[in-house]
Amino acid sequence: MQTAVVTGASSGIGAATARRLAADGFHVVVAARRQDRLAALAEEIGGRALPLDVTDRDSVATFAAELDACDVLLNNAGGAWGSDSVEGGDPADWQRMYEVNVLGTLHVTQALLPLLRAGGGGTIVNLTSTAAFVNYEGGAGYSAAKHGQHALTETLRLELAGQPVRVIEIQPGMVHTDEFSLNRFRGDSDKAAAVYADVDRPLTAEDVAGVIAMAVAQPLHVNIDQLVLRPLAQAAQHKVHRGRLFEG
Ligand code: NAP
């Protein structure tokens, strides 16, 4: 049985992907900071829960030492904090976003690369965003972090050329998860809800999980370098259709 490690598995896309990969036959190691959520998920999917703070190198080292295999690594832990302009932005938010999205991916990837190589064929999936290639007002700190995570991802693919380790980047647009927008708007549920208001079927965490599982399921010689997925209602970052799109 192959082992998949999913960071940020305590909610949203990470939890949905852990469920999906377990259903596809992987032994799934779920990792994040909130252990109560992870324990319940691990029990549900027959996986293993381990504590992990991706921004803390000691935590990452302790986590990696617990593993004896890793065939698939999903670097999903991440998020957006704050929606301020460049002029008004809090550097602490920028720092946090860089630490979680970019350095978090770096720390976990560095720690698990030996295991990814050891299995004879490994897969790294980095969850970036459409914000990795488009900028929008109020999103500079998050976009800068996701651009950085994208740069890490592309560079890693080049540096691993000649080794049996794939590097895949998944770039979702609008995904309606429980916590992402709440975190961005500092717990303001009205502002968070407004993001998805009247959007007929934003992507769900399960939609993204299905695409990740599809990419992982390709034969090892097939590398989906980069894959953008958006809801049909979002033709581009600034072009979101609000109103009925589907019947029923
Ligand atoms: P979410 O529900 O807020 O999930 C974020 C996960 O990251 C949580 O499980 C959280 O767990 C974990 N995390 C945060 N800081 C961490 C840390 N220091 N160490 C370990 N884990 C940490 O958000 P989501 O919507 O599922 O997003 C998942 C990923 O997709 C993120 O990288 C996000 O940027 C990206 N994305 C989201 C969207 C969207 O519209 N929702 C679109 C494109 C890309 P703990 O708090 O328990 O540690």
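This is a predicted model: local features need pLDDT of at least 70, side-chain atom pairs count only at pLDDT 80 or more; totals for chains, interfaces and linings use all residues.
View 1. Gln-149 is in contact with Asn-75, Asn-101, Val-102, Thr-105, Asn-126, Leu-127 and Thr-128, leaving aside its neighbours within four places in sequence. The residue is found in helix α5. Its relative accessible area is 0%, so Gln-149 counts as buried. One of the contacting residues, Asn-126, is 23 residues apart from Gln-149 in sequence, with 8.0 Å between the two C-alpha atoms. The side chain of Gln-149 also makes a polar contact of 2.9 Å with the side chain of Lys-146.

**View 2. The aromatic pair of Tyr-142 and Phe-180.** The structure holds one aromatic pair. Tyr-142 and Phe-180 form this pair in an edge-to-face arrangement, with 5.6 Å from centre to centre and 65° between the planes. Tyr-142 belongs to helix α5 (residues 140–159) and Phe-180 to helix α6 (residues 180–184), so the pair ties together parts that are 38 residues apart in sequence. Tyr-142 has a relative accessible area of 7% and is therefore buried. Phe-180 counts as partly exposed because its relative accessibility is 25%.

**View 3. Arg-166, a buried residue without a salt bridge.** Arg-166 lies in strand β6, which covers residues 165–172. The side chain of Arg-166 instead reaches two backbone oxygens: that of Gln-218 at 3.1 Å and that of Pro-219 at 3.3 Å. Not counting residues up to four places away in sequence, Arg-166 touches Gly-122, Thr-123, Ile-124, Ala-215, Val-216, Gln-218, Pro-219, Leu-220, Val-222 and Asn-223.

**View 4. Helix α8 and the elements that cover its buried residues.** Helix α8 spans residues 205–217 and has 13 residues. From its first C-alpha to its last the helix reaches 18 Å, close to the 18 Å expected at 1.5 Å a residue. The buried residues of α8 are Ala-205, Val-208, Ala-209, Gly-210, Val-211, Ile-212, Ala-213, Ala-215 and Val-216. Residues three or four places apart in an α-helix point the same way, because there are 3.6 residues a turn. The cover over the buried residues of α8 includes α1 (12–23), β4 (72–75), β5 (122–127), β6 and β7 (226–229). Arg-166 of strand β6 touches Ala-215 and Val-216, among other residues, and both of these are buried residues of α8.

Notes: Residues are numbered from 1 along each chain as its sequence is written. Side-chain values use heavy atoms; hydrogens and water are left out. Helices (H or I, at least four residues) and strands (E, at least two) are DSSP runs, numbered from the N terminus. Buried means under 20% relative accessible area, exposed over 50%, partly exposed in between (1.4 Å probe, protein chains only). Lys and Arg count as positive and Asp and Glu as negative; His and the chain ends are not counted. A salt bridge is a side-chain nitrogen of Lys or Arg within 4 Å of a carboxyl oxygen of Asp or Glu. A polar contact is a pair of N or O atoms within 3.5 Å; within protein, one must be able to donate a hydrogen and the other to accept it, and residues adjacent in sequence count only if both atoms are side-chain atoms. Contact means heavy atoms within 4.5 Å. The expected span of a helix is 1.5 Å times one less than its number of residues. Rings of Phe, Tyr and Trp (its six-membered ring) pair if their centres lie within 6.5 Å; planes under 30 degrees apart count as stacked, over 60 as edge-to-face and the rest as tilted.
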